[in-house]
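Have the structure open and follow along.

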Amino acid sequence: MALNARAQTPPSPLSLTELRLRIDAIDAELLRLVDERSSLARDIAAAKAREGGDANACLLRPDREAMLLRKLTGKPRVAASDAAVVAIWRELISESLRIQGEDQGGLHLDFWAGDASGQLVKWSRERFGAAPSEAGLAEPVQVIAAARDPRHIGILSLDPRAGAWWARLLAEPQVRVICALPERTPERPKGFAIAALKPEPTGDDVSYWVTDSRLSEAALTELLGQCGLAAEWLGSTGGMKLFGLSGFVQEDDSRLDPKAEKALGSLSGVIGTSPRI
């Protein structure tokens, strides 16, 4: 009995020195893996060139990134939080895109100088990482114009002081909302990131719709519900209204056709989507 009891005695806990040595070994292995992952970015760029990829296309893939992050945060863990997992992989993705785009000058974040608050910059860096350069532009319209370049990402807030800049995207079919800021919050978005790319569905998205309808925000929300669209009013400026629509809504969705339902407004349309993380 005594021998059996001794055999079942749990091992002694590691000392502080041993724990630190273990962390040092893990850090060394993590660095090797991070470097290996980053080096694959050049191989990806070369593969795209060989396989006929558009050298001028936007490097961003918000759909793929969102699905990757959902997959990672859905995996069982002992201690690491979702926030830590998302932050780490956002930086890994940022570094990979920096390397892929180094021959084209990399990615750039453009802010409206009148609204480049500390919070907006913080949320943008959380979403796009440390790699992109940044600049402040004099007017929101300049941020939109810069976003026509696939290397540029426009960052604009939904503060009424910025005006209904989002309505201008109706006349900018190549520039679309690609994510809401801050990215991981159940609250209403405080800002948008825009870029020259076409959003793709991820299975859990919010679409953004603009209208000049004369109906009240509450009446429009009800009408959209009758059309089968779960809507949330996000803001109104200068006669234009902005709504979030649950799900990935195509720009040519018949439920939003103003010819079929004139109360939806004469100037309206989907201006992009944001995947939920």
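Helices and strands here are DSSP runs numbered from the N terminus, with helices being H or I over at least four residues and strands being E over at least two. The model is predicted, so to speak of local features a pLDDT of at least 70 is needed, side-chain atom pairs count only at pLDDT 80 or more, and totals for chains, interfaces and linings use all residues. Residues are numbered from 1 along each chain as its sequence is written, and side-chain values use heavy atoms, with hydrogens and water left out.Now to the spaces themselves. Rolling a probe the size of a water molecule over the atoms shows where empty space is left. On a 1 Å grid over the protein atoms alone, a pocket is an open set of points with protein on both sides within 12 Å along at least five of seven lines, while a cavity is a set where a 1.4 Å probe fits but cannot get out; lining residues have an atom within 4 Å of a point. Grid points are joined across faces, edges and corners, and a volume is the space filled by probe spheres set on the points.

Start with the largest pocket, which holds about 1200 Å³ of space. Its lining has 44 residues, and Ile44, Lys48, Leu59, Leu97 and Gln100 lie nearest the centre. At least two lining residues come from each of α2 (16–50), α3 (62–73), α4 (82–100) and β9 (268–275), with α2 giving the largest share, eight residues. By class, the lining of this pocket has 22 nonpolar, eight polar and 14 charged residues; here Ala, Val, Leu, Ile, Met, Phe, Trp, Tyr, Cys and Pro count as nonpolar, Asp, Glu, Lys and Arg as charged, and the others, Gly among them, as polar.

How do the axes of α2 and α4 cross? They come within 8 Å and cross at roughly 40°, where axes are lines fitted to C-alpha atoms, for helices over the stretch in contact, and angles run from 0 to 180 degrees between N-to-C directions. α2 and α4 are therefore oblique to each other, as angles under 35 degrees count as roughly parallel, over 145 as roughly antiparallel, 65 to 115 as roughly perpendicular and the rest as oblique. The crossing of α2 and α4 is right-handed, meaning that the near helix is turned clockwise from the far one by less than a right angle, with anticlockwise being left-handed. In contact (heavy atoms within 4.5 Å) are residues of α2 including Ile44 and Lys48, and residues of α4 including Trp89, Ile93 and Gln100.

Next, look at α3 and α4, whose axes come within 10 Å and cross at roughly 145°. This crossing is right-handed. Glu65, Leu68, Leu69, Leu72 and Thr73 of α3 make the contact with α4 residues, among them Trp89, Ile93 and Leu97. Eight nonpolar, one polar and three charged residues make up the contact of α3 with α4.

Moving on, the second largest pocket has a volume of about 370 Å³. Thr185, Glu187, Val206, Tyr208 and Arg276 lie nearest its centre, out of 21 lining residues. β6 (205–211), β7 (231–237), β8 (240–246) and β9 each bring at least two residues to this lining, and the largest share, three residues, is from β8.
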